[in-house]
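Look over the sequence and the model before reading on.

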Amino acid sequence: MNFDEVINRFGTHSVKWDMMERLFGVPAEDGLSMWVADMDFRPPACVSDALQGMVDHGVFGYFGDDTAYKDAIVWWMQTRHNWTVDPNWIFTTHGLVNGTGMCVDAYTNPGDGVILTTPVYHAFARVIKAAGRQVVECELALQDGMYALDIDAWDTQMTGNERMFILCSPHNPGGRVWTQDELKQIADFCVRHDLILVSDEIHHDLVFAGTTHVPMTLAAPEIMDRLVMMTATTKTFNIAGSHIGNVIIPDDKLRAAFGARMGALGLSPNSFGLFMATAAYSPGGAEWLDALIPYLDRNRQTFDAGIAEIPGLRSMPLQATYLSWVDFTDTGMAPAEFKKRVEQGARIAANHGDSFGKGGEDFLRFNIAMPHSQIEQAVQRLQEAFSDLQ
């Protein structure tokens, strides 16, 4: 668990690093990649050991008997989140973007509206549009520098064409952990407008001290008949390349509809992802995660303090995730100008806020899951790039 180790990821087919120069113009020789949401740390040793065991055995045939895999999921949700999961509720998808697409396919029809609380994870809108559905942007409100629900405004937007609400909990890119009361308000909204609620909780393990994530199933158990839960090992343990996710559906009818679409498309998980997830959801994985959170918290504090010293910049207080959402509004700069300073001046690749939908235009998202020395470099570079404002 040496999170300080700087690992050279160039030339490893890493989207985050090998595509940085092509997409952002940030030079590979000395650029810092802070965009794609994977970490620059090695996963827990138990995950690597599981893969090594597969390699040592040397035969890579079809996977059978997923009992241990599902038992590991059940154990993790119970011990980490106080959530009792029936193993029969669990589907395995090719990651949670695929899981989102499967939900859209199974529960809506072309032309239906799918609600997103923007700004929010950009892949949701991409999948919805590709499926021929309509993205309905219900914009989050800003209160005391953090995102809040705006239920009354959302009620007035509804036309009756909406069929699904996709919730990001904890929220990406804002880092909000929704309270139990807020989750109940969302559940009530979905009942009022007869919506299927898909709760993407992929960041639920990456929550900082002083804040508690509440699974939607526990916050509003009365809506089980319209609720789909999505979780994964991929963000928690930095194994996004395994492309594996859990779609957990308590309701019999919803589960049957989802299962029918899975069967029609012939989808099944790869054995590498199943072995990795099983190994990660273990005491060894828990020990690694318990060491990771305070390390990320230190990165968060260093990055936030550095951003706060630049006039006109504000990072949204981060309760969860390793994704810092920085507001450039008070610089008075157009997005093209502050992007240029970050990419060409600071030589940092960060996600453009407008890709997250309404409300994100004056923001950039920075991934802070990297060695602390690189966080210090990033802060110094940003301060230099905006030094004329100081």
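The model is predicted.

**Salt bridges**

The structure contains 20 salt bridges.

| Pair | N to O distance | Relative accessible area |
|---|---|---|
| R176 and E182 | 2.6 Å | R176 8%, E182 11% |
| D188 and K184 | 2.9 Å | D188 31%, K184 31% |
| D354 and K339 | 3.6 Å | D354 43%, K339 14% |

Are R176 and E182 buried or exposed? R176 counts as buried because its relative accessibility is 8%, under the 20% limit for a buried residue. E182 is buried as well, because its relative accessible area is 11%.

D188 and K184 both belong to helix 8, which covers residues 180-192. They are four residues apart, or about one turn of the helix. In general, an α-helix has 3.6 residues a turn, so residues three or four places apart point the same way. D188 is partly exposed, with a relative accessible area of 31%. K184 is also partly exposed, at 31%.

D354 and K339 form a salt bridge in which the closest N and O atoms are 3.6 Å apart. This pair links distant parts of the chain, 15 residues apart. D354 lies in the loop between strand 13 (348-352) and strand 14 (363-367), while K339 is in helix 14 (residues 335-345). D354 is partly exposed at 43% relative accessibility, whereas K339 is buried at 14%.

R9, K16, D38 and D40 are linked in a network of them.

In which order do the strands of the open sheet of five strands stand? The order is 1-13-14-12-11, and the pairing is mixed. Strand 1 (32-34) and strand 11 (314-315) are the edge strands, each pairing on one side only. Strand 1 and strand 13 run parallel and are joined by three bridges. Across from L32 stands I348 in strand 13. Helix 15 (residues 372-385) packs on the sheet and touches strand 1, strand 13 and strand 14. The direction of helix 15 makes about 100 degrees with that of strand 1.

**Nonpolar cores**

In soluble globular proteins, nonpolar side chains tend to be buried together. Here the largest nonpolar core has 90 residues. The residues with the most contacts inside this core are F165, M216, F303, F366 and L382. Helix 13 (residues 283-308) gives the most to the core, with nine residues.

What does F366 touch, leaving aside its neighbours within four places in sequence? Its contacts include M34, F303, I348, A350 and L382. Other residues in contact with F366 include Y322, L323, S324 and V326.

A second, separate core has 26 residues, among them V104, L116, I128 and V198. I128 is also one of the buried residues of helix 6 (residues 122-130), together with A123, F124, A125 and V127. The cover over the buried residues of helix 6 includes helix 5 (96-107) and strand 3 (113-118). It also includes strand 4 (134-139), strand 7 (162-168) and strand 8 (196-200). After helix 6 comes G132, whose phi is positive, near 80 degrees.

Conventions:
Residues numbered from 1 in each chain as written. Predicted model: local features only at pLDDT ≥ 70, side-chain atom pairs only at ≥ 80, totals over all residues. Heavy atoms only, no water. Salt bridge = Lys/Arg side-chain N within 4 Å of Asp/Glu carboxyl O. Buried < 20%, exposed > 50% of the residue type's maximum accessible area, 1.4 Å probe, protein only. Helix = DSSP H or I, 4+ residues; strand = E, 2+ residues; numbered from the N terminus. Pairing = 2+ DSSP bridges. Contact = heavy atoms within 4.5 Å. Axes fitted to C-alpha atoms, helices over the stretch in contact; angles between N-to-C directions. Core = buried A, V, L, I, M, F, W, Y, C linked by side-chain atoms within 4.5 Å.
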